[in-house]
Amino acid sequence: METAIGITLGGLGFGGFFALLAVGLVIVFRGSGVINFAQGAIAMFTAYEFHSLRKKGTVQLPWVDPLPTKQLNLPVRLTIRAEGLGLWPSFVLALLVALLLGLLAHFLVFRLLRDAAPLGRVIGSLGLMLYLQGVALKNFGTDSPQPERVLPGGFYKNFLGLGCDLPRESFWLAALAIVLGGALW
């Protein structure tokens with residue numbers, strides 16, 4: 001019985017993470033009337049952006065350069081600091097890129113699809129998801145970076161006497177989901 005309770009408590013972090021993504025889905029649907037299948041791709045792009053800012057100090061913009069010339073190019077990468085940025089500047093800049101992505105998605109895709117047929121809305125949302133995945137592949141490469149922790153790491157040893165160690169970040173994610181869900185409610 002202790003093992004089942006321990007596994008359930010250990011899953012709080014995953015549940016909190018998915019609850020935060022679900023809150024984003026609901027907000028986008030209420031604002032635009034379109035189910036955003038690109039929500040995970042936006043989260044992925046933002047996480048890669050955070051990692052790029054922390055390690056390289058560069059902002060990868062959410063597009064690719066379509067111009068084949070060497071003289072005239074559309075900026076794709078902005079270097080802020082060569083040795084990388086700290087936690088909070090990286091976090092704030094990554095959130096600003098996520099805000100830019102959300103605004104671009106809303107005004108260039110979802111707002112235009114509000115009165116479209118349901119299949120057209122789904123296709124537009126899936127197209128945005130595939131576009132962001134392709135841009136992330138082009139801008140960030142094929143490596144799957146493991147960013148540094150933001151939430152407190154470590155384990156609670158023998159949590160509540162259950163005989164299992166539970167990660168601290170699971171409880172932080174669950175608490176964050178509860179607080180944000182309550183604030184948005």
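Predicted model: local features only at pLDDT ≥ 70, side-chain atom pairs only at ≥ 80, totals over all residues.
Residues are numbered from 1 along each chain as its sequence is written, and side-chain values use heavy atoms, with hydrogens and water left out.

Now for the overall dimensions. The C-alpha trace spans about 65 × 45 × 30 Å along its principal axes. Of the 185 residues in the protein chain, 30% are buried; that word means under 20% relative accessible area, while exposed means over 50% and partly exposed is in between (1.4 Å probe, protein chains only). The accessible surface of the chain comes to about 11,800 Å², and carbon and sulfur atoms own 70% of that. Such areas come from the Shrake-Rupley method with a 1.4 Å probe, and for residues only the protein chains shown count as cover.

How does the chain meet itself? Take the contacts (heavy atoms within 4.5 Å) with a separation of 6 or more: residues 24 or more positions apart account for 60% of them.

You can see this kind of pairing in the loop between β3 (155–156) and β4 (166–167), where L162 is found. L162 and G6 are 156 residues apart along the chain, yet their C-alpha atoms are separated by 6.6 Å. Is L162 buried or exposed? L162 counts as buried because its relative accessible area is 16%. G163 lies in that loop between β3 and β4 too, but G163 is exposed, since its relative accessible area is 63%.

Helix α5 (residues 118–140) tells another story, and G134 lies in it. The C-alpha atoms of G134 and V34 are 22 Å apart, with the two residues 100 positions apart along the chain. G134 is at 36% relative accessibility, so it counts as partly exposed. P118 is found in helix α5 as well, and its 59% relative accessible area is why P118 is called exposed. From P118 to R149 is 31 residues along the chain, but their C-alpha atoms are separated by 40 Å.

Next, look at helix α4 (residues 87–113), which holds L99. L99 is one of the residues making a nonpolar surface patch of about 1,000 Å², and others among them are W88, F91, L103 and F107. For a patch, residues need over 30% relative accessible area and no salt bridge; like charges are joined within 9 Å, and nonpolar side chains (Val, Leu, Ile, Met, Phe, Trp, Tyr) within 5 Å. At 49% relative accessibility, L99 is partly exposed.

Finally, the charges. The chain has 14 positive and 9 negative side chains, and the centres of the two sets lie 6 Å apart. Lys and Arg count as positive and Asp and Glu as negative, with His and the chain ends not counted; each charge is placed at NZ of Lys, CZ of Arg, CG of Asp or CD of Glu. Side chains of opposite charge can pair when their charged atoms come close. A salt bridge is a side-chain nitrogen of Lys or Arg within 4 Å of a carboxyl oxygen of Asp or Glu, and by this rule the count comes to one. Which residue does R81 pair with in a salt bridge? R81 pairs with E83, and their closest N and O atoms are 2.6 Å apart. R81 is partly exposed, with a relative accessible area of 41%, whereas E83 is exposed at 55%.

Conventions:
Helix = DSSP H or I, 4+ residues; strand = E, 2+ residues; numbered from the N terminus.
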